Amino acid sequence: SRYREAEETLRNAHEIHSRIGNVTGTANALNDLGSIYRAQSRNREAEEALRKAHEIHSRLGNGAGTANALDGLGHTYRVQSRKREAEEAFRKAHEIHSRIGNDMGIANALDGLGSTYRAQSRYREAEEAFKRAHDIHSRIGNDMGIANALDGLGEIYHAQSRNREAEEAWRKAHEIHSRIGDDVGTANALHGLGEIYCVQSRYQEAEEVFRKAHDLHSRIGNDVGTANAFEGLGEIYRAQSKCREAEDALKQAHEIHSRIGNDMGTASALQSLGDLYRTQARNQEAEKCLTKAQHIFSLIRNDMGTGNTLQGLGMLFSQRHQYDEAHSLFRQALSAYNRASSAFSQAQTLAFLAETYLMKGNSLEAEESLHQALIIGIQLDHDRLQARPLALLSRIFSSGSKYSVTLAAPLHARVACRQTGDDDILRGPALHDHGKAFLLQSKYGQAEDSYSLSRALFSRAGDPRGEASALRSLGTLYTLQRRIELAANRFVQARSTSVAISDYDGELMALGCLMGACLLQSKRAGLRSYCVEALKIYDRTQWSGTKVSSAP
């Protein structure tokens, strides 16, 4: 294959440079060898070569070489889910490239940071990094870089179910990769399009592009890409209940990954086979595949893969009605996802965990898990992540839970606003009501989460009155908890927000809250000052309220 030829050439170059004492040439050959190993998922060898290259370039004071080695190390760490090390490497590379004015290096480091943020569900930061990289690549006329940045944006949009934008990004990337003759990039863009078509149930188009990707990878001898294309085809067949074709494709993917020693790919194919067998109720085979995959992922310290296989095993045991075992597996999956910084997967698993609680009759624990899942879904602004918790919460409330009176109304308001496609303008008040319901139950942690999120939604929607109301609610909560200093701070923020829009009613309510805080702290001077200010507003506006209240 091309990779074997390239590896042999670079090994020879490294040997010659070492023999004649050309230290820079030795480091460059090591850097290139690291890239070749990385492309074949030979991560240990890649890390070793790149570390040696980094050490030599650093000793020589070669900024560009040092930064390039760091960039390679960042990618090597990233694919092993060593996200902190990856981010640190890319940040250092970005800093060096910026200092020496290397635009292409700056853009490449941003690409790496974007991929690292995406793996942690930090989608806004990821999108910003890829867009900055795209702008730099466009400015300097680097077509390959433009296409790679578009690939990254496609991944970000796909992860957020922004399928139209993802398809557009990958189509543009595919066009550029094809035009400049980059077969690997062309095939990878086709793979991305296949994933989009799959989630849209456009199976015929998905199969066509996965086959094209397979043919390209096969022609250039890219075994990893060939196996990944087989996995894509397997998922397409599984979605259409073509179980025999799916199993054949996934087994071929597993065989290739195993043959070339790609542990990550081997585990991924085993996981897909396990999920396929689970849907066919071939439980023993499913458990065997998922357990093997989980073992491999653990060995290579891939927390994301470990979490996925534990989640799959949890679902398998749930199907067997072994809820205690499922509960334990889902808890372990949550720990793995926490290590992997994957909020998206945590939300999914919390919903599965809630279902085990419901099957065991523990509605309170189920409600707690669903609330956590819902908070994450709102934070990520992801409709699909919010839909399942909302549906399960509706089931809990309609079943006659003692909390249905206080929680059902705000919940159904939020369900309605999601179903009608309304935005933060409707979600903010509904979540604020949700906070009030929790406050009435003395569930202060959930109330604080709901109020804080409603404040963020009001702010994003450009609704300062709503934001001030949420701030007063937070202050009231903190007052009940005797966190008076923090309460006063929120009341001051609420007052400032109301003053900025000349909302005298809101300002008077905030002043009333501040008077209450001063009273609890025995701050008579402050109490007197706020009272005088409230009276001035009353005289000036002839405010029609019957009292100045500390209530939200």
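**View 1. Ala-149 and its surroundings.** Setting aside neighbours up to four places away in sequence, Ala-149 is in contact (heavy atoms within 4.5 Å) with Asp-111, Phe-130, Ala-133 and His-134. This is a predicted model, in which local features need pLDDT of at least 70 and side-chain atom pairs count only at pLDDT 80 or more, while totals for chains, interfaces and linings use all residues. Residues are numbered from 1 along each chain as its sequence is written, and side-chain values use heavy atoms, with hydrogens and water left out. Ala-149 sits in helix H8; helices here are DSSP runs (H or I) of at least four residues, and strands (E) of at least two, numbered from the N terminus. Because its relative accessibility is 0%, Ala-149 counts as buried (under 20% relative accessible area; exposed is over 50%, and partly exposed lies in between, with a 1.4 Å probe and protein chains only).

**View 2. Helices H8 and H9 side by side.** H8 (residues 143-159) packs with H9 (residues 163-179) at an angle of about 155°, and their axes are 8 Å apart. Axes are lines fitted to C-alpha atoms, for helices over the stretch in contact, and angles run from 0 to 180 degrees between N-to-C directions. The two helices are therefore roughly antiparallel (over 145 degrees; under 35 is roughly parallel, 65 to 115 roughly perpendicular and the rest oblique). The crossing of H8 and H9 is left-handed, meaning that the near helix is turned anticlockwise from the far one by less than a right angle, with clockwise being right-handed. Residues making this contact include Ile-146, Leu-150 and Tyr-157 of H8 and Ala-166, Trp-170 and Ile-176 of H9. By class, the contact of H8 with H9 holds 11 nonpolar, five polar and six charged residues (Ala, Val, Leu, Ile, Met, Phe, Trp, Tyr, Cys and Pro are nonpolar; Asp, Glu, Lys and Arg are charged; the others, Gly among them, are polar).

**View 3. Helices H11 and H12.** Here H11 (residues 203-219) and H12 (residues 223-239) pack at about 165°, with their axes 8 Å apart. H11 and H12 are therefore roughly antiparallel to each other, and H11 passes H12 in a left-handed crossing. Among the residues that meet are Phe-210 and His-214 in H11 and Phe-230 and Leu-233 in H12. The contact of H11 with H12 has 10 nonpolar, six polar and two charged residues.

**View 4. Inside the largest nonpolar core.** This core has 96 residues, and those with the most contacts inside it are Trp-170, Leu-370, Ile-376, Ile-378 and Leu-380. Helix H18 (residues 343-359) gives the most to this core, with eight residues. A nonpolar core is a set of buried Ala, Val, Leu, Ile, Met, Phe, Trp, Tyr and Cys residues joined through side-chain atoms within 4.5 Å. Beyond four places in sequence, Leu-370 touches Ala-351, Ala-354, Pro-389, Leu-392, Leu-393 and Ile-396.

**View 5. Arg-78 in helix H4.** Arg-78 is found in H4 (residues 63-79). With a relative accessible area of 22%, Arg-78 is partly exposed. Not counting residues up to four places away in sequence, Arg-78 touches Ala-86, Gly-112, Ser-115, Thr-116 and Arg-118.

**View 6. The whole chain, for orientation.** The protein chain has 27 helices and zero strands, and 52% of its 552 residues are buried.
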